[in-house]
Amino acid sequence: MAIRDKLSGNEAVAVAMKQINPDVVAAFPITPSTEIPQYFSNFVSNGEVETEFVPVESEHSAMSACISAAAAGARTMTATSANGLALMWEMLYIAASCKTPVVLTVVNRALSGPINIHNDHSDSMGSRDSGWLQFYGENNQEAYDNLLMALKVAEHPEISLPVMNCYDGFITSHAVENIELIEDDKVKAFVGEYKPSQYMLNSDNQVAVGPLSMPTHYFEQKRQQAESMRKAKDVIIEVSKEFEALTGRKYDLFESYKLDDAEVAVVVLGSTAGTTKHVVDQLRDKGVKAGMLKLRIFRPFPAEEIAEAIKDIKAVAVMDKCDGFNAKGAPVFTEVRSALYDYDTKPAMVNYIYGLGGRDVKTDDIEKVYNDLLEVVKEGKVEDPYRYLGVMEEQ
Amino acid sequence: MSNKDKCIVDAYTPWQKTTPGGIVTSTGNAKHYLTGGWRADKPIWNEEKCKQCMLCFPVCPDSSIEVEDKKMKGIDFDHCKGCGVCAAVCPFNAIEMEPEGK
Amino acid sequence: MNNLIEIRWHGRGGQGAKTASLLLAEAAFDTGKFIQGFPEYGPERMGAPITAYNRISDERVNIHSNIYEPDYVVVVDETLIDVVDVTAGLKETGAIIINTPKSPDEIRSKLSGYKGEVYTVDAREISMATLGRYFPNTPMLGAVVKVSKIMEDDVFVEAMKSSFEHKFANKPQVIAPNMEAVKRALTEVKG
Amino acid sequence: MAYNLKETTLKPERLTGGHRMCAGCGAPPVVRTVLRALKEEDKAVIGAATGCLEVSTFLYPYTAWEDSFIHSAFENAAVTVAGAEAAYNALKRKGKIDDTYKFIAFAGDGGTYDIGLQSLSGAMERGHDMVYVAYDNGAYMNTGIQRSSATPKYADTSTSPAGKAVPGKEQFRKDLTKIMVAHGIPYVAQSAPLKNFKDLYEKSEKAIYTKGPAFLNVIAPCPRGWRYETNKLMELSELAVDTCFWPLFEVENGKYTLNYMPKKKRPISDWLEAQGRFKHIAKKPEVVEEIQAEVDRRWEELLKLSGVEA
């Protein structure tokens, strides 16, 4: 029997970490992810976990400690947000290149400046090419579930890559909602033991990690790293199926919501997906064939699957909670649109930069997007695909 | 020399075969990389003059003073780069530097 | 989602409006509801006006925006009605519940043309009388449950009892006064 | 057991030849000695900051380290080793490891005094059971001899060049050892590769086998950066010690001990004149005097701290 509870997203993640009982957690406080190491250090203080908690002096050190702990053979986790993730930047790439399966919960927050503690995706989107897998959760349940699955994918022998478990700051991290937890023993059985093949504390075969690689070898190492990322897609699907068998909760690379017969659809990730579902339901009641695609996995990017899912839709809006500052389209948009390049039939596509710095995303905002899409369908063309939603404009 | 000691990849190793994450499992395998060719000057050890004081042993940056059973046995020319520190510290002039190839 | 009830809380930092919203969510959760409880965060410290929200429903709530047209507004500190537009967006079919010794009619004049129902409860007096200290949360919870009928009074009382028993396991002496505060609020809220 | 150089030769070499450090580099003798202080049966995890030592000893696919080794970046050697130590504690507690491991970080002065200072301070303050060894050659040698906060005043480096208007580095070196003492950690020492390496070996042994964090600051002459003939490594080291530019001392739980009192304190000019990087000031008595005054000031302060009569 699953355990019904009410928890905030951060509490849920901390509980998952407690159930996993990782070997090492190294973390530094930053709003809104701070609660995770707070809750977790309580578990440590009360002897509820056997974890070595390292309260480091910066996020750079947090990630550095995680990398070496993982390389030493320890199951390792941390959490951060925004500027903390930015300070880790250098180490993110190294975590991936060393193939250390560190699990990092990113509580998404706008990246300075100006300094802002509220939600958008500029932090994790900026790190999208660092070689990490990225999971995005809609609510506390997904933050919890994704963490368990992310760990299993990260540690899969064919993958061995670090993973970000992302969800929206405050909106998900601090809101208390209903949740179904999995029993401790089932979590333990699901995630299993961490058994790396090569690690520093292996007395039978000590190893050296993090070499200088000259042009002779660097490229091959990166190519191999890229292959693990490619393979991760299948592993995510496999692990998600296993998770469904355990919990009944179905996960895939993305969630299709009333997409099959949709004429207009929104591609979105994070908590806004929930609000969008609500709007889709209302539009459907009015006879509008609206649908939604909620991205769960952004790295590896499920290009073919997304293309297949939306190629026959007339108009699609891609929602980016982060600007790309290339003046032509933000990260999710450019990738989704490029996924459709080889298809003869493809939707008209528009990009909405929205919700920056915690600008609240109301049902009215999402409704406007669908209305715009209906307009695009009616007009048969897209004037300006690069749009901002919810920003105050000169009238 | 066991397999563990050997170099694990070469310049033509395909990406499929390179070591995951650039890990090197054969610790100490740098001994297979020979730096003797760097030498311009060569230390010549005179066993007669050597009093086995061992002062040359710890100063060598290339771990090239060969000692067995607490006795100086010679110099590892595979790795010695010819810096001359051993000769400089020898109180008995038992090591002298001479140009390579003399 | 016709059964969805949306509540907005107004309080001052440090008074526990956020905690109250979470307590209400907990109590509703205990009766089998789907809940959301979340504050609006800012850099504000003690004393600044703060807002917190609840959504309570029979089905899982997917919307993740703030609440703009609440069914109920709870004002934990009477003085806020002079500085915050507490009735903004409040549905006329809904109600506002204010912590004050004044009567609803006395308050109404201050609510800039608001047409819906007004309820008052003297949470300060109840808190001082039962707990000996000013904790307006507990009586305000009783009042909001009474007015909103989110759950039956006795179901709520039971939920609060088990919550207090859990929370105050180490100080059982404060359970009874807290329960007294809840019960008094249920009967003393005026509308 | 009293130090016996011959006995230590029986221990296995833990840094092999075949690394690509410069001929005559001062760092490998320091590293070799520190590692010789490990008990033979103890295993180690060694970390290094990006720098000469790291790139030269672990150039893929060759590692000169017989022990587990990790490098990840420039500024994080301390926390990198601390992370491995945390892993060890957890795995040991969970019964997954039987062997005893020791944790040692190596970094140059750039990676220690400057970019890595925060990470070092954090790791020491948190009390990880590890040793941090700074091999101080007084500049960023790996990137081409740029000044660091450990560079001595007036040294000619590529970012503090001796010019017509500015005579080399304008500041005296940061006293990092003192900063480490201020951390209140169990063991801090300053050492040098010297004579039969007794001082460095014994300090390494203490540092490794003292529970908790330990910091060793070891001068490591650099023939390229200091501009001297490669064979003069030990001479330069000895001059640094005998001029009292680099005194040998240790601080155990806050208590200072002076480990070496030169029979005759040599003038700083002896050390300066042996190096090309000071060539531009060697013949400027007022500058040499200024350096001498600062060396004397620091030396006398140390004597006072150590309770030694000058």
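Mentor: A cavity here is a set of grid points where a 1.4 Å probe fits but cannot get out. The model is predicted.

Trainee: How many cavities of 30 Å³ or more does the structure hold?

Mentor: Rolling a probe the size of a water molecule over the atoms shows where empty space is left. With the cut-off set at 30 Å³ or more, the number of cavities in the structure is four.

Trainee: What is the volume of the largest cavity?

Mentor: The lining of the largest cavity is made up of 25 residues. As for the space itself, the volume of the largest cavity is about 360 Å³.

Trainee: Which element gives the largest share of the lining of the largest cavity?

Mentor: Two or more lining residues come from each of α7 (176-181), α11 (268-273) and α13 (285-306) of chain D. The largest share is eight residues, and the element that supplies it is α13(D).

Trainee: Which residues lie nearest the centre of the largest cavity?

Mentor: The lining divides into 16 nonpolar, two polar and seven charged residues. Nearest the centre of the cavity are D:Arg173, D:Asp175, D:Phe245, D:Pro247 and D:Arg298.

Trainee: Where in chain A is A:Pro300, and what is the omega of the peptide bond that joins A:Arg299 to A:Pro300?

Mentor: A:Pro300 sits in the loop between β13 (297-299) and α10 (303-310) of chain A. The bond joining A:Arg299 and A:Pro300 is cis, and its omega is about -5 degrees.

Trainee: B:Asn93 is not a glycine either, and its phi is about 50 degrees. How does B:Asn93 count by relative accessibility: buried, partly exposed or exposed?

Mentor: The loop that holds B:Asn93 runs between α2 (85-89) and β4 (95-99) of chain B. Residues under 20% relative accessible area are buried and those over 50% exposed, with partly exposed in between. Because its relative accessibility is 48%, B:Asn93 counts as partly exposed.

Key:
Residues numbered from 1 in each chain as written. Chains lettered and ligands numbered in written order. Predicted model: local features only at pLDDT ≥ 70, side-chain atom pairs only at ≥ 80, totals over all residues. Heavy atoms only, no water. 1 Å grid on protein atoms, 1.4 Å probe; cavity = no way out; pocket = protein on both sides within 12 Å on 5 of 7 lines; lining within 4 Å. Points joined across faces, edges and corners; volume = space filled by probe spheres on them. Helix = DSSP H or I, 4+ residues; strand = E, 2+ residues; numbered from the N terminus. Nonpolar A, V, L, I, M, F, W, Y, C, P; charged D, E, K, R; others polar. Buried < 20%, exposed > 50% of the residue type's maximum accessible area, 1.4 Å probe, protein only.
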